[in-house]
Amino acid sequence: MVEALVKRVTEQVQMIKRNVGDPNKLTQREYEASLNALNIFFGAIIGVSLGNIEAMSVEDYVVLLIATATIVSTILIVSYSHRRIWNMMMMFSLLGLAWYVDIYKVKGIDIDFPEKLLPTLSVWAGLAILLEFTEKTPEPDAE
């Protein structure tokens, strides 16, 4: 009697685990949804960060756009490339260079980053890295 009850409970626990999955692992669809959410959210936040630059000259604006697009591209490449480590090093190098230029106002490089742009890009990069190194699990079977 006890054996049958233990067996039944064990079967129920296994069924729940199959249906719920491991909360510390992402399925491919959960990974893609999380990645899309990060990209959409931070894309919007960057738009807000760039919203207060009406006094900037066109030349400075173009330089800022190129710098921002380059950093955003490296963040996205980390998530979509199989060469994650190399691309992470590139991303951290570009972010570090941008912070350095912004903080120390390097002579000859005149990029005036909006106040909240680099923190936004840095948080996005950090979350993308965290998501990229979250363990993945296969999709559960459809029932």
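A residue counts as buried when its relative accessible area is under 20%, as exposed when that area is over 50%, and as partly exposed in between. The model discussed here is predicted.

**Helix α2**
- Helix α2 runs over residues 28-49 and has 22 residues.
- From its first C-alpha to its last, α2 reaches 31 Å, which is close to the 32 Å expected at 1.5 Å a residue.
- The buried residues of α2 are Y31, L35, L38, N39, F42, I46 and S49.
- On the face of α2 turned away from its buried side are the exposed residues R29, I40 and V48.

- T74 has its place in helix α3.
- With a relative accessible area of 10%, T74 is buried, because the cut-off for buried is under 20%.
- When neighbours within four places in sequence are left aside, T74 is in contact with M91 and L94.
- E59 is also found in helix α3.
- The relative accessible area of E59 is 56%, so E59 is exposed; the cut-off for exposed is over 50%.
- E59 and T27 are 32 residues apart in sequence, and their C-alpha atoms are 45 Å apart in space.

**F92 in helix α4**
- Helix α4 covers residues 84-104, and F92 lies in it.
- F92 has a relative accessibility of 44% and therefore counts as partly exposed.
- Along the chain, F92 and G126 are 34 residues apart.
- The C-alpha atoms of F92 and G126 are separated by 9.7 Å.

**The second largest pocket**
- Rolling a probe the size of a water molecule over the atoms shows where empty space is left.
- The second largest pocket has a volume of about 150 Å³.
- Its lining is made up of V48, S49, N52, I53, P114, E115 and K116.
- By type, the lining residues of this pocket divide into 3 nonpolar, 2 polar and 2 charged.

Definitions and conventions
Residues are numbered from 1 along each chain as its sequence is written. This is a predicted model: local features need pLDDT of at least 70, side-chain atom pairs count only at pLDDT 80 or more; totals for chains, interfaces and linings use all residues. Side-chain values use heavy atoms; hydrogens and water are left out. Helices (H or I, at least four residues) and strands (E, at least two) are DSSP runs, numbered from the N terminus. The expected span of a helix is 1.5 Å times one less than its number of residues. Buried means under 20% relative accessible area, exposed over 50%, partly exposed in between (1.4 Å probe, protein chains only). Contact means heavy atoms within 4.5 Å. On a 1 Å grid over the protein atoms alone, a cavity is a set of points where a 1.4 Å probe fits but cannot get out, and a pocket is an open set with protein on both sides within 12 Å along at least five of seven lines; lining residues have an atom within 4 Å of a point. Grid points are joined across faces, edges and corners, and a volume is the space filled by probe spheres set on the points. Ala, Val, Leu, Ile, Met, Phe, Trp, Tyr, Cys and Pro count as nonpolar, Asp, Glu, Lys and Arg as charged, and the others, Gly among them, as polar.
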